[in-house]
Amino acid sequence: MDPIFLQALEDLHTGREHQEIIDIIEALPKHAQTSELIGLLARAYCNLGAYEHALDLLLSVRDPEDFVWNFRVGFAYYHDRHPAEALPYFEQAYLYHPTTEIAAYIKQCHAAEFTNKTRAAIRATKDNPIHNASKRKEETSSLPAELPVLNDPLPMEAVTPPDPDSIIRYLPNDLAAVTAHIEKHFGKIAEILPSNSDRAIDIGLCICPPNEKNDHYTIVTLGMGALPMHIPEDRRTRIPARTELVMTLPADWEFDLSDHRWVWPLHWLLVTAYLPFDEDTWIDVGHSLSTSAENLPFDTSTRQSCILAVDLQDQPKTASMCPLPDGETVRFLQVLALYPEELAYKMQYGTRALLRQMSNTEPTICPYRLNTCTPDLLYPSVNPSPYLC
């Protein structure tokens, strides 16, 4: 292929003249449209948002051992909202050239695959599902207002890492107010675990060990309230748009981050915290979500599979509201882990009825606690006569 011709196409790509690239290549005779040119044609279609057509072109000149081909196929699948299909192509491209750009795509694909299992569940389990169905998307990944540009990735040392200043965090005065509130009501913060997410908002987990007031660990999200949730207009006067979540764990809980048996409550606390921003929705008392439509357990160590947001348990009302310096408020909600039967009870009779049923159960997460909605507890057999055994 004439290098001058190829350089001319690259110059057009740099100038974002994608339609002109398409016109030039498609004007060539079919026998002159080499696999290299078809790859450039597919790249141009990607940059115009025609991902399905780009995939048709790329798959017509399969070259699974080529780095650029794998990256382009992964890019087209991902931005066509099919991260699960994109993942193997990004992974193959990463084997050839492990760049930070491709690693970020792989991480996003994994996150999308996991989070998608919870999206339908939270819609189905909200007490008051006011949400515009037309805004729902099939996949977790969301397109920016401007189409992403498909550039063939650079070697690892040439990739510029994301700008940390673009991450959404609390302003310094707000951060000081929220951390002071956490330490006043939940205990001294011994450690803040980072989420290691590449999302636009940074949410950490404050670990407050047992103390003279609390005989359990208290885990509090820090950063969720830096960004207001999307509250429906008819509820904005009643529901604070800024929220942090609280979870309690037994005093003997082990924080072994390499063992999922101990990690799953932390993981699901973060999933719940990020969901309003992934879904463009909100979390309120009574909202719940499941691991999947089948209510698969959080871990092999438990049968629990659902999260329920409630008001703070065993805390004064002052603990639930943190005033910020500018007059806004951050609300603190507690999350409980439920069995599938408890979620079904809540869906049928409401959150208050479930909490009454659970009134003798500690709000602290316990993988093997009593299931309060088993048939023998919901419908205890009553002896018709005190004289009958």
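Which residue in β8 is the bridge partner of C322? Please describe the surroundings of that strand as well.

Analyst: The bridge partner of C322 in β8 is V330. Some ground rules come first. The model is predicted, so local features need pLDDT of at least 70 and side-chain atom pairs count only at pLDDT 80 or more, while totals for chains, interfaces and linings use all residues. Residues are numbered from 1 along each chain as its sequence is written, and side-chain values use heavy atoms, with hydrogens and water left out.

The chain has twelve helices and eight strands. Helices (H or I, at least four residues) and strands (E, at least two) are DSSP runs, numbered from the N terminus. Of the 389 residues of the chain, 48% count as buried. Buried means under 20% relative accessible area, exposed means over 50%, and partly exposed lies in between, with a 1.4 Å probe and protein chains only.

Strand β8 covers residues 329-338, and nine of its ten residues are buried, so β8 is largely enclosed by the rest of the structure. Its partners are described next; two strands pair if DSSP finds at least two bridges between them.

Strand β7 (residues 321-323) is joined to β8 by three bridges, and the two run antiparallel. They form a hairpin with five residues between them. In that turn, G327 has a positive phi of about 100°.

Strand β6 (residues 306-310) also pairs with β8 in the antiparallel sense, over five bridges. Here L308 has L336 of β8 as its bridge partner. Strand β4 (residues 242-250) runs parallel to β8, and five bridges join them. T243 stands opposite R331 in β8.

In general, the side chains of a regular strand alternate between the two faces of the sheet.

Back in β7, consider P323, which lies in that strand. With 58% relative accessibility, P323 counts as exposed. Leaving aside neighbours within four places in sequence, P323 is in contact (heavy atoms within 4.5 Å) with A177 and E328. A177 and P323 are 146 residues apart in sequence, yet 7.6 Å apart in space, C-alpha to C-alpha. As for the chain as a whole, among contacts between residues at least 6 apart in sequence, 62% join residues at least 24 apart.

R81, in the loop between α5 (67-79) and α6 (83-96), has phi near 70°, a positive value in a residue other than glycine. D280 is found in the loop between α9 (260-279) and β5 (288-290). Its phi is near 55°, again positive in a residue other than glycine, and D280 is partly exposed, with a relative accessible area of 38%.

Finally, a helix may be set beside the strand. In helix α2 (residues 18-26), the buried residues are H18, I21, I22 and I25. Seen down the axis of α2, these residues fall within an arc of 100°, so they line one face of the helix; the arc is that of the directions from the helix axis to the C-beta atoms. An α-helix has 3.6 residues a turn, so residues three or four places apart point the same way. The buried residues of α2 pack against α1 (3-14) and α3 (35-47).
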